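Q: I'd like a close look at one part of this protein, and then at how the parts around it are held together. Could you walk me through it?

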Amino acid sequence: MSRCFSFTESKNWCYRSAFAKSGLRSTITNLHDGSTRVHCWVPEDPINHSKPNLLLIHGLGANALWQWGDLVRHLVPYFNVYVPDLVFFGESHTTRPERTEVFQAECVARVMEAHSARRLSVVGLSYGGFVGYRLAAQYGELVEKVVMCGAGVSMEEKDLSEGNLFKVSDLEEAARILVPQTPERLRELVGYTFYKPPLPLGLLPSCLFTDFIDAMCTEYVEEKRDLIRSIPKNRKLSDLPKIPQPTLIIWGEHDQVFPLELAHRLKRHLGENARLVIIKNAGHAFNVEKPKEFYKHLKSFLFDSQPPIINPSNSQNHK
């Protein structure tokens, strides 16, 4: 018997409604002769050519709605905002065998081309930062500025094998946590991503975790775990291209998914072209734990120099 009410599906509906009210519409772009389908929220036509373009790339976990839902309304007064679901998330998928961030970046680039977004800034959360970094490296003519949010692109394969950087050093164990299929695994994931969870995890009933898993985590389980497995494979810092775009690196002080050392490593790798901001008393999910501070740094880096097209009255609480 199906459940009468799902908190997760209800919140998903609220986010979809909020995106639509912010002036975004849901689109599907077919790539690779129809073998790849990418869903993306894009500006309503006609696009405002007096505003710059901004691409928001989500990380692992829920779909793009959940990871950007509370921020989009503060960005649309300044930008033409694009929010894709990466392949195997939301309504995006492929029958092709590729599982790398390089393939994800190619798909995103082709979707942007399909919507005539020829120059843009990109903000990538966690795994989305891996994709955004590759986008900046491979499609330099497309990307103007880059914001890396807790994205451990500077990790090396030996970091896992040596076990001196990550709390979970077994890649298969990490994949089971990052793509949880039981309430216990989801509790573990929340414990890793938050410095201080909003509520004590032990007080939250298992039915809430089960509801979220049923709604968000049961499709493309092995494909998502393959994405995780591909991240460290043959990864060396010496092979990581130095992107030329101005880059802001934002990190939670107590990140347990991608430890803070990786932020300093990336800053050293990029040199003067990058600026590092560490958000105190926050973990990997600093965008949820410290949303006002996160927004403040985005605003400073991305659009303090951009005149707003309309008065963003609903952003007063974030100033």
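Which residues of helix α8 (residues 183–193) are buried?

A: Happy to take you through it. This is a predicted model, in which local features need pLDDT of at least 70 and side-chain atom pairs count only at pLDDT 80 or more, while totals for chains, interfaces and linings use all residues. Residues are numbered from 1 along each chain as its sequence is written, and side-chain values use heavy atoms, with hydrogens and water left out.

In helix α8, the buried residues are Pro183, Leu186, Arg187, Leu189, Val190, Tyr192 and Thr193. Buried means under 20% relative accessible area, exposed over 50%, and partly exposed in between (1.4 Å probe, protein chains only). Helices are DSSP runs of H or I with at least four residues, strands are E runs of at least two, and both are numbered from the N terminus. The buried residues of α8 pack against α7 (171–178), α9 (206–216) and α12 (286–289); contact here means heavy atoms within 4.5 Å.

The structure holds 19 of them, each a side-chain nitrogen of Lys or Arg within 4 Å of a carboxyl oxygen of Asp or Glu. In one of these, Asp159 and Arg265 meet with N and O 2.8 Å apart. That pair links distant parts of the chain, with Asp159 in helix α6 (residues 157–162) and Arg265 in helix α11 (residues 261–270), 106 residues apart. Asp159 counts as buried because its relative accessible area is 5%, and Arg265 is buried too, at 14%. Shared partners also join Arg99, Glu172, Glu222, Arg225, Asp226 and Arg229 into one salt-bridge network.

Within that group, Arg99 pairs with Asp226, their closest N and O atoms being 4.0 Å apart. Arg99 is buried at 18% relative accessibility, whereas Asp226 is partly exposed at 28%.

Finally, a word on confidence, given as pLDDT, the predictor's confidence in each residue from 0 to 100. The mean for the protein is 91, and 93% of its residues reach 70 or more. Over residues 307–319, pLDDT stays under 50, and the model has 18 contacts beyond four places in sequence for them. Where pLDDT is low, the predicted coordinates should not be read in detail.
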